[in-house]
Amino acid sequence: MTSVPRKFDRCKTSKRYCAEKLCCKSERAAATFHCDDCRTDQCYDCVTSIHQSSPKFEFHECSHIVPPSFDLLCQISNADSSRQCTAINFADLHCEVCNINFCFTCFEFYHRGPRRTHRKTNFKDYKSREAKKKLESIVKPTSPVDIQDTSLTFVSCPQIQVDQEVTSSMDSFNSANSRNSQNGSMPDLCLNSTEKDIINIEEELAASQIDEQHYSSQSFMLLDGQEKLQVDDINEFLVKLGCDEEEQVKVVSIFGNTGDGKSYTLNYTFFGGKEVFQTSAHQDSCTIGVWACYDPVTKAIVIDTEGFLGATANQNQRSRLLLKILAISDVVIYRTRAERLHNDMFQFLCDASTAYTKHFSRELQAAAKRCRKSVADLHPSVIVFHETTNTKVLGEGNGGKPAESDLLDKFQQLECPMHFKDLKYVGTRTKGTKTDFRQFQAELQLLLENKSHRAARKPEVVYMTLKNLNDKFSGEIEKPVFGTFPDQMFTCSVKCLCCGESCCHSMNHKADQPHDTDKRCKYQHQFGNKVYLCKRCWMAGKQNIVVLKTSESKDNAWMGFAKYVWAGEILECPHCGVIYRSREKWYGNSEAEEAVTVDIRHVWPDGLQNLQGAQNAARKLVDGMHYIADSISSVGSRPTKMLSDWMADRIAPDYWVPNTQVKECSICSVKLENEQKHHCRACGKGFCDACSSHRKPVPERGWGESVAVRVCNNCFSADKMTGSADSTGSNSQTTARRVGEAVSSAIGVAASTFNYPLDMLKDTARPAYWIPDIEIKNCCVCKEEFGPKRAIHHCRACGKGVCETCSPSKLPVPIRGWDYPVRVCKKCEDKADQL
């Protein structure tokens, strides 16, 4: 992995490029518009294509990008007219001798040789100095009121420059802008200054106070509102953060209701007031999804989240998104501007701590064991930042009782268990328009420096943890689910078919981990969810499932069938052997329940059904008869077809065209590679069945005068045979062919003798858990439709219909009574340990 530099290029360009990477046709296209709703800079083509592609984008507010003032840019062209700052960089330095602003690159180029001794000043310090000069130059105007009179307040007015003679005589003062000007009247306040000028000066002063390390800080979207990760890999994550891969960082996240100033709080707490996280005066939420930025001063990844109570299509999906951020956070800030603390804050912290402890308990216990700490020490620190205007904050006038005690008492009153032990409260009462963040910043700094709980870690660990959580908990959530973090967000959604209980395992758990639940199931006859456990093994602390079957595992098929006819069904334990026979005695046989313990099991949609009572004895008999029928009928089927064609050519008359030369029908030209080939007894050519279905005597070829044989359509309609009289076959040749046809016919009759009764018995001998053939339309694996060329087979494990391609393997299925290898589908083959 390549190392990422700590800082970007020293110079910062004023050029703005199109940020729509997915739809922009060119790289680094100049941005001319900024969309407030998309929150991106866009070129002209992207503005047109995006906001005309869908009606929901038509009313986005797009404004022209105004280039920065020339006073803020590099001004090397003023010093050297032949040179321009090609990157149009912002000014970084101010030369006191040249009285010109430069970027780092242009300053080093221009100040070579004798100009090397020029004194330089940081541009922000220069702007701050100039702003202070403007403020110092704004003093009270001259007034006829006594100099000791403090009853009037004069607001930021420029000094009126007048001659000494005029200032000595106040009686001659006259305001040109006063409505009723007369000598000796009160002067107009702020005579030459406007409110806009004063606001501009204040903004310049605030901008000059932003720390240099935060000058290039910029936030980026980490997760969108649909829980999709917007960073592809760790390298992109490091580049967007702008920190080194070996840096040890902590994660600070903020939560709260929409409109409570979460983004504003982060901007002033970590970035000196710079608008790193966007704020807005509109009704719509300005933060959608999750945004992040790195603070190099505190070495913290700062995360801004979407607010509660905002308009959203699925509140539960947003709550789960926020819990993922809380899971990776070291310090959690809950920001509220309510005059009194509402129940929604206590409910959120209660539900969040409960869900965090419940769904991440395994990981927390493993981490606590490695670090030799308790699980509570690994919980994030929580700080409640409460701002009021008219009411007192917690702890104010409370006799010295800590505010945290009041919070814990409130949790107990609401019966909300609070699992986060490190809880802090910071309250501030704002009288004017500016919030006092000093106490909050001090408390937050102590939490970041505290290493007794959660230690700092590399950014890669933070990213991989978030990615794994997002991949694991990303399924769909039902909208009408109540509660902030219900179990449906994180647990498997599969439900038992019998009792309706959901699986207790984690969402998207591994396929080799079967579904399970803590609650007992109820028996339903149609699902057959009753299983037998060997009583002796059960009393010894083991659970060995036994099923009723026809033969022991050591018996072959025919011997087992003979024993079944004599002694009935058996129960065989893999540890204890045969524990029960249904007809062991002539009379007075016990029931199966006396040798076993009955247990009721859950039935899952993708699991085994009809767990007990497979009743496969009849099917085993049918399988044996099928084996005999297949052996007989294999004489006329592939791969013996080539051998049979070769033998047919050996006994064919001389005038017959050999099978190897017959590629198509001589009349309709149908290809005969996969079709049955027939020879006309008159002409000897090859035909398909449709073009050689007629019969008539052919004595000319030696087939006899009274025996009707197969002929083609042409020879049947002709008075004389179409072949040459010189190529007539001899009686010995036709006799050999007639014998071969008789043998082939006898074999076909024998095969059909077995097949016809087997087809009628097939559904009668079907085990209880098999799906009837009439209900099977598609293969349960590949979903291909069954037809004449795709035969139906049954998986001996699940009983579903499967094609030949999707059931190539054979495995023993003891749970169904098949002790020897039988056909199983690919799905059940992957779960062989459960069979």
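A word on ground rules: residues are numbered from 1 along each chain as its sequence is written, and side-chain values use heavy atoms, with hydrogens and water left out. In this predicted model, local features need pLDDT of at least 70 and side-chain atom pairs count only at pLDDT 80 or more, while totals for chains, interfaces and linings use all residues.

Helices (DSSP runs of H or I, at least four residues) and strands (E, at least two) are numbered from the N terminus. Axes are lines fitted to C-alpha atoms, for helices over the stretch in contact, and angles run from 0 to 180 degrees between N-to-C directions.

| Helix pair | Angle | Axes apart |
|---|---|---|
| H7 (residues 234-241) and H14 (residues 459-472) | about 120° | 10 Å |
| H10 (residues 343-359) and H12 (residues 403-413) | about 80° | 11 Å |

Take H7 and H14: contact here (heavy atoms within 4.5 Å) involves Ile-234, Phe-237, Leu-238 and Leu-241 of H7, plus Pro-459, Glu-460 and Tyr-463 of H14.

Over at H10 and H12, the angle makes H10 roughly perpendicular to H12 (65 to 115 degrees counts as such). Met-345, Phe-346, Leu-349 and Cys-350 in H10 meet Leu-407, Lys-410 and Phe-411 in H12.

Now the lysine. Lys-696 sits in strand S22 (residues 694-697), and a polar atom of the Lys-696 side chain lies 2.8 Å from the backbone oxygen of Cys-715. Setting aside neighbours within four places in sequence, Lys-696 touches several residues, including Val-707, Val-711, Phe-716 and Ala-718.

How values were computed. Polar contact = N/O pair within 3.5 Å; in protein donor to acceptor, adjacent residues only side chain to side chain. Parallel < 35°, antiparallel > 145°, perpendicular 65-115°, else oblique.
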